[in-house]
Amino acid sequence: MRVRKAVALGAALTLTALVSACSSNSSSSSGSSTLNWWTWDDKQAAAYKVCATDFEKANPGVTVKISQYGVTDYFTKLTAGFVAGKAPDAFQNSVQFFPQYADQHQLLSLDDYIKKDKFDLSRFSVGVDSWKYTDGHQYGLPLDWAATGLYYNTDMLTKAGYTTKDVQSLNWNPDNGGTIGKMIAHLTVDSKGRRGDQPGFDKANIKTYGFGQLAAKDFLGQTTWSSFVSTTGWRLGNKANWPTQLNYDDPRLVKTMDWIRTLVAKGYAPKIGTFTNTVSDVDLLSSGKVAMETGGSWTASTFAKIPDIKVGIAPTVLGPDNKTRAVFSNSNGNTIWAGTKNPDLAWKWVSYMGSEACQTKASATGTFFPSIPASMDASAKALKAQGVDLSVFTDMLKNKELYPSPDFRNGAALQDAIEPLIEGYFGGQKNDSVFADMQSKTKSILTQK
């Protein structure tokens, strides 16, 4: 997962040659063919249209149809397509559903294509191993990568007496919250303008919370609690990949969750359910309801475009040792349906999407992070010219602060079982004993075939 410098490919001739050379046996070189590619991400759907246009020019008679569906319906539609024999030729895939689709033989192994075309998997900075299944076959190519950052309202920070430098090296521990705990208290303001660390502060009437929605039912904690507990050495699974249980009962996680509940109890962070699911991180920061929050890297350019509010980006916290920063990262993949009638054409498109030429063009919008380092560098440069500094995230790569999400079985069942328990914990209906229950449930769910 390293950022490496490379020479960008820019000439039209080079682009055409690269697109055309991906598969010598493709049936798309003559006649008329339509290739269907699906994604749940509206931003990537728009971004990859530029690649589709280039691909169609290089392959006369080929039409790439990009379809986007909301994430709540996306995987249901995919499953229905598998059953009806009408799934897309290729599609964006999540590691949460990858094992299930591989077990059902719905994914085309890419090994023969990779070998035939001498497709170099080392071009990707992240995610290659995430798309290799337990049978040893490679079923997907990394499409993007994601991390978590600390977003803050710069005006609120300044009014509270802090500088940008102060927020760049915040530390944390589960006992007293560290320097970020103190900052959260001071950034919290009640309806009469009193701060959370001042006399008379009224926790029942909050104007601005010092921090956003850490008390959330997110069972992975990707953009909520994971960037805190990960600094202690805790990891989600008992193995880096294909774990047989998730470490919910680890004392380090329990103490972290207890600390989050103290933030809520003191009025420094919102209770679970305070804001509806339709209210985004961007909405909260732009409305002034929170002063600071963790959020996904994919929202960086959106935060930068909030009218009349300047949003700063800082790295996530250092741990109790004041040295360790550890950030949970995942990589979505590009996979091919085993039932496609155009496997060669599907590979040609998927492998082109996994090229530097395509990823550099598509990621110029800054709405996602490309998985190829040179493309990421180009994207960061383009966004910096627009006033969006992504160095917080590229530094995480360079400093080896990211660690990958583990592949695991039965992700949907796991989510359905664990999220109500986390919600009950943060809602006050359950105590610390719930974490042992959660861990026990993962043992049975993860090992089900």
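**Sheet, helix pair and a glutamine**

In this predicted model, helix H4 (residues 71-84) lies across strand S1 (33-39) and S3, and runs at about 145 degrees to S3.

Me: Which strands are the edge strands of the open sheet formed by 5 strands?
Reply: The pairing in this open sheet is mixed, and the order of its strands is S2-S1-S3-S12-S4. A strand at the edge pairs on one side only, and this holds for strand S2 (62-68) and strand S4 (140-142).

Me: In S12, which residue is the bridge partner of Gln-92?
Reply: S3 and strand S12 (residues 333-336) run antiparallel and are joined by 4 bridges. For Gln-92, the bridge partner in S12 is Asn-334.

Me: Is Gln-96 buried or exposed?
Reply: Gln-96 has its place in the loop between strand S3 (90-93) and helix H5 (98-103). Leaving aside neighbours within four places in sequence, Gln-96 is in contact with Gly-411, Ala-412 and Gln-415, and its side chain makes a polar contact of 2.9 Å with the side chain of Gln-415. Because its relative accessible area of 15% falls under the 20% cut-off, Gln-96 counts as buried.

Me: How is H18 oriented against H19, roughly parallel or roughly antiparallel?
Reply: The axes of helix H18 (residues 411-426) and helix H19 (residues 434-446) come within 10 Å and cross at roughly 175 degrees. Since angles over 145 degrees count as roughly antiparallel, the orientation of H18 to H19 is roughly antiparallel.

Me: By class, how many residues of each kind has the contact of H18 with H19?
Reply: Residues of H18 including Leu-414, Ile-418 and Tyr-425 meet residues of H19, among them Phe-435, Met-438 and Lys-441. By class, this contact has 12 nonpolar, 1 polar and 1 charged residues.

Notes: Residues are numbered from 1 along each chain as its sequence is written. This is a predicted model: local features need pLDDT of at least 70, side-chain atom pairs count only at pLDDT 80 or more; totals for chains, interfaces and linings use all residues. Side-chain values use heavy atoms; hydrogens and water are left out. Helices (H or I, at least four residues) and strands (E, at least two) are DSSP runs, numbered from the N terminus. Buried means under 20% relative accessible area, exposed over 50%, partly exposed in between (1.4 Å probe, protein chains only). A polar contact is a pair of N or O atoms within 3.5 Å; within protein, one must be able to donate a hydrogen and the other to accept it, and residues adjacent in sequence count only if both atoms are side-chain atoms. Contact means heavy atoms within 4.5 Å. Axes are lines fitted to C-alpha atoms, for helices over the stretch in contact, and angles run from 0 to 180 degrees between N-to-C directions. Angles under 35 degrees count as roughly parallel, over 145 as roughly antiparallel, 65 to 115 as roughly perpendicular and the rest as oblique. Ala, Val, Leu, Ile, Met, Phe, Trp, Tyr, Cys and Pro count as nonpolar, Asp, Glu, Lys and Arg as charged, and the others, Gly among them, as polar. Two strands pair if DSSP finds at least two bridges between them.
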